[in-house]
Amino acid sequence: MKELVLDIAKALVDNPDEVKIEESIKEDEIILKLSVSQDDMGKVIGKQGRIAKAIRTVIRSAANRENKKVSLEIV
């Protein structure tokens, strides 16, 4: 999951070197915290959060195939 989010985020931003993902496990859920540079924050979130919602949908469907729960937080 972490690699999937990393690939998607790096494709969207202008500064792919500043993309960082922190992974933590809370009970039965994997929580991914995505951080990008301040200039690229709008590109990851998108208008009215559409891109962020699409990234979350892709991650959840990939996690569903592995019977896992995943959530994405954009920091």
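I started with Asp14, which counts as exposed at 53% relative accessibility. My cut-offs: buried is under 20% relative accessible area, exposed is over 50%, and partly exposed is in between (1.4 Å probe, protein chains only). This is a predicted model, so I took local features only at pLDDT of at least 70 and side-chain atom pairs only at pLDDT 80 or more, while totals for chains, interfaces and linings use all residues. Residues are numbered from 1 along each chain as its sequence is written, and side-chain values use heavy atoms, with hydrogens and water left out.

What does Asp14 form a salt bridge with? Its partner is Lys43, with the closest N and O atoms 2.3 Å apart. Asp14 sits in the loop between α1 (2-12) and β1, and Lys43 in helix α2 (residues 41-45), so the pair ties together parts 29 residues apart in sequence. Lys43 is partly exposed, at 33%.

I count 2 salt bridges (a side-chain nitrogen of Lys or Arg within 4 Å of a carboxyl oxygen of Asp or Glu). Glu66 and Lys68 also make one, at 3.6 Å from N to O. Glu66 is partly exposed at 45%, and Lys68 is partly exposed at 44%.

Next, the strands (DSSP runs of E, at least two residues, numbered from the N terminus; two strands pair if DSSP finds at least two bridges between them). I see β1 (residues 20-26) pairing antiparallel with β2 (residues 29-35) over 7 bridges. Lys26 has Glu29 in β2 as its bridge partner. The hairpin has 2 residues between the strands, and Glu27 takes a positive phi near 55 degrees. β2 also runs parallel to β3 (residues 69-74), joined by 6 bridges; there, Ile30 has Val70 in β3 as its bridge partner.

Terms used:
Helices (H or I, at least four residues) and strands (E, at least two) are DSSP runs, numbered from the N terminus.
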